[in-house]
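This briefing covers a few parts of one protein model. Please look over the sequence and the structure before reading on.

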Amino acid sequence: MKAFLTAILLTLMALAASAQEPARLDAAGSAVVLGESPGRIARWFGRPAQPPVTLRLMLDRGVPWRVFLLDNPPRLVVDLQGLEFGAAQPDQVPGAAGLPGLRWGAARRGWSRVVAELPGAYRIDSAQMRTASATVLDIALTPVAPDDFAPRASADPRALPAAADLPPAAPPPGERPLRVMLDPGHGGFDPGAQADGQTEAELMLGFALDLSRRLASDGVAVSLTRRDDRFLSLESRMTAAREAGADLFISLHADALPQGEAAGATVYVWNPAVDDRALAQLAQRHERDDLLTGIDLDGTDDQLAGALMAMARADTQPKSENFAKFLTSRMALEGIGLHRRPVKGAAFSVLKSPDIASVLVELGFITHATDRANLNDPAWRARMIAAISGAVSLWAEDETARRDLLRK
């Protein structure tokens, strides 16, 4: 839920940024902090000699941002949209002299870049923008052994593989192929959760591309909500699924691990307990011809629109829950570690479509060391892809059998 709220906030920030004067950096209010409190420093005995580093950037308002690591030399890169530095100079930042180098300037159109050279190999432990009494972007880095340093392969943060919708294998005569919409979470100026120089948006795009190829080879017509590193609003993702005529919508995520929460894969379905409230919100926020396939709700009042959507969900909700059960069962058979509650209800926007069976799959938590290692392990990814593709096949067979029974 936190990741979705963050995406909404970033959207609002981006819209605000486009309509305002450029944001400004307060160099004197920013800081480079080397080291930590004595209690934490003690834990680094025997680790790499360089200290932990925190880069704090103070802005006059929030802007979209992203961070990543590069090598030769090791350095932290911070991209910020709609920011101008004005007369601010890097040497005005308190603590900047403790780094091998700190510089900034304009990057691609509409974006600015801050580059902090690092005294050695590091990983990004956390990166968050807080907007309370002041707007502060805090990036905490922890030293690692050189072999554990994982910088980006390219200095261009947009360098991601592209993909097109994949044609399915030929279906049996007289049948149309099953249509699945894959939704790699986040993208563009919303990188999602971040850890060890990786972002949730990139990991999920790569996984979605691999999964789409497997599904297409199984005879499934596959579409993706995004094929590169771009931002899409949450509501537009389910609109894309409807326009593609999708039978099943699968949103893919690898969020940050909430404090005290167990790790492992989790499947979310729509929570009917918030159905009435959400239906009213949908009726207010969408064009009425964009709420249900084949039904024009234009001119109907909210109560009637809500009733029609509730009728549609009475059919799709059991389908979503059925797929979630197939999926968690296949994950268990493939040896995928599951959350202690593998199926949960939620009110995520991408699950709200009343006429399409929809699930959100947390493959794991990018901030959890074991989950992150799994997400980068080709063997584990292959097992997860096999679990999802197997669940899609079983679900499709079950839906076909149900339809055949209804016809009799």
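Buried means under 20% relative accessible area, exposed over 50%, and partly exposed in between, with a 1.4 Å probe and protein chains only. The model is predicted: local features need pLDDT of at least 70, side-chain atom pairs count only at pLDDT 80 or more, and totals for chains, interfaces and linings use all residues. Residues are numbered from 1 along each chain as its sequence is written, and side-chain values use heavy atoms, leaving out hydrogens and water.

**Strand 10 and its partners**

- Strands (E, at least two residues) and helices (H or I, at least four) are DSSP runs, numbered from the N terminus.
- Strand 10 pairs in the parallel sense with strand 13 (residues 221–224) over four bridges, where pairing requires at least two DSSP bridges.
- L182 has L224 of strand 13 as its bridge partner.
- Strand 10 also pairs in the parallel sense with strand 14 (residues 248–253), over five bridges, and D183 stands opposite S251 there.

**Helix 4**

- Seven of the ten residues of helix 4 (residues 234–243) are buried, so this helix is largely enclosed too.
- Among the buried residues are L234, M238 and R242.
- G245, which follows helix 4, has a positive phi near 70 degrees.

**Q198**

- Q198, in strand 12 (residues 198–199), is partly exposed at 22% relative accessible area.
- The side chains of Q198 and N376 make a polar contact at 2.7 Å.

Definitions and conventions
Polar contact = N/O pair within 3.5 Å; in protein donor to acceptor, adjacent residues only side chain to side chain.
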